[in-house]
Amino acid sequence: MPGMRKPAKPPGNAAPHGSTAIFRWPVRVYWEDTDAGGIVYYANYLKFFERARTEWLRASGFGQQALCESEGGMFVVADAQIRYLQPARLDDELMLTTWLQEAGRACMTIGQQAQLGTDPGAAVLCSASIRVSWVSGASFKPIRIPNSIVKALS
């Protein structure tokens with residue numbers, strides 16, 4: 001499809017260009033995550049990725065509620081490109097990876113993957129490129145991302 005971005009893949013253990021680190025967050029697959037076929041329901045990867053982005057921000061010193069209170073803004077998902085490669089199943093341990101792909105004035109593109117197991121070379125099950133916009137907490141209109149946030153995540 002024209003205009004669609006391919007989810008970026010980090011090369012091995014190295015972070016892609018423009019990023020200095022890959023954040024990792026483990027997730028276990030529970031009954032509630034699976035469909036009638038016993039595999040992770042496709043929409044649940046978006047929930048897993050949301051949790052990993054939240055923990056990535058928290059590990060960088062930014063709780064989402066505190067950001068809204070101190071900076072007057074919040075991140076909202078503006079676009080999600082996702083690619084499903086292999087299924088995850090009940091009781092699988094997944095490693096979610098998150099990294100900054102690109103930062104603009106009012107939005108950031110974040111790369112994410114779900115891998116099977118905790119080995120950095122494990123099979124990638126799902127990959128995504130998520131664009132988040134920084135918006136005013138009062139008006140929900142896009143505003144400039146504070147430099148302190150961009151610096152901490154870059």
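**Learning to read a predicted protein model**

Q: How many residues apart are arginine 58 and glutamate 55 in helix H1?
A: Arginine 58 and glutamate 55 are 3 residues apart in helix H1, so about one helical turn separates them. Helices (H or I, at least four residues) and strands (E, at least two) are DSSP runs, numbered from the N terminus. Before we go on, note that this is a predicted model: local features need pLDDT of at least 70 and side-chain atom pairs count only at pLDDT 80 or more, while totals for chains, interfaces and linings use all residues. Residues are numbered from 1 along each chain as its sequence is written, and side-chain values use heavy atoms, with hydrogens and water left out.

Q: What do the side chains of arginine 58 and glutamate 55 form?
A: They meet in a salt bridge, 3.1 Å from N to O. The term stands for a side-chain nitrogen of Lys or Arg within 4 Å of a carboxyl oxygen of Asp or Glu. Arginine 58 itself is partly exposed, at 48% relative accessible area. Here is how to read that word: buried is under 20% relative accessible area, exposed is over 50%, and partly exposed is in between (1.4 Å probe, protein chains only).

Q: How many salt bridges does the structure hold?
A: There are 3 salt bridges. Arginine 28 and glutamate 93 make one of them, at 4.0 Å from N to O. Arginine 28 sits in strand E1 and glutamate 93 in strand E3, so this pair ties together parts that are 65 residues apart in sequence. Arginine 28 is partly exposed at 38%, and glutamate 93 is partly exposed at 31%.
Another joins arginine 53 to glutamate 50, at 2.5 Å from N to O. These two are 3 residues apart in helix H1, so they are about one helical turn from each other. Arginine 53 is buried, with a relative accessible area of 8%, whereas glutamate 50 is partly exposed at 33%.

Q: Which pattern does the chain follow along the sequence?
A: Start with the pieces: the chain has 3 helices and 5 strands. Read along the sequence, they give β-α-α-β-β-β-β-α. To see how the pieces meet, look at contacts, meaning heavy atoms within 4.5 Å. Of the contacts between residues at least 6 apart in sequence, 67% join residues at least 24 apart.

Q: Which residues touch the most other members of the largest nonpolar core?
A: The general idea first: in soluble globular proteins, nonpolar side chains tend to be buried together. A nonpolar core is a set of buried Ala, Val, Leu, Ile, Met, Phe, Trp, Tyr and Cys residues joined through side-chain atoms within 4.5 Å. The largest one here has 30 residues, and Tyr45, Phe75 and Ile149 touch the most other members. E1, H1, E3, strand E4 (107-116), E5 and H3 each give two or more residues to this core. Leaving aside neighbours within four places in sequence, isoleucine 149 is in contact with Phe62, Leu67, Phe75 and Trp134. Over the whole chain, buried residues are 42% of the 154.

Q: How many aromatic pairs does the structure hold?
A: The structure has 6 of them. One is phenylalanine 23 with tryptophan 25, which is stacked, with 6.2 Å between centres and 15 degrees between planes. Phenylalanine 23 is buried at 16%, while tryptophan 25 is partly exposed at 31%. In tyrosine 42 and tyrosine 84 the ring centres are 6.2 Å apart and the planes are at 90 degrees, so this pair is edge-to-face. Tyrosine 42 is in the loop between E1 and H1 and tyrosine 84 in strand E2, so the pair ties together parts 42 residues apart in sequence. The cut-offs: rings of Phe, Tyr and Trp (its six-membered ring) pair if their centres lie within 6.5 Å, and planes under 30 degrees apart are stacked, over 60 edge-to-face and the rest tilted.

Q: Which residues form one aromatic cluster?
A: Tyr41, Tyr42, Tyr45, Phe48 and Tyr84 do.

Q: Where is phenylalanine 140 in the chain?
A: Phenylalanine 140 is in the loop between strand E5 (124-136) and helix H3 (147-153). Its phi is positive, near 60 degrees, in a residue other than glycine. Phenylalanine 140 is exposed at 52%. Aspartate 91 also is not a glycine, and has a positive phi of about 75 degrees. Look for aspartate 91 in the loop between strand E2 (73-84) and strand E3 (93-103).
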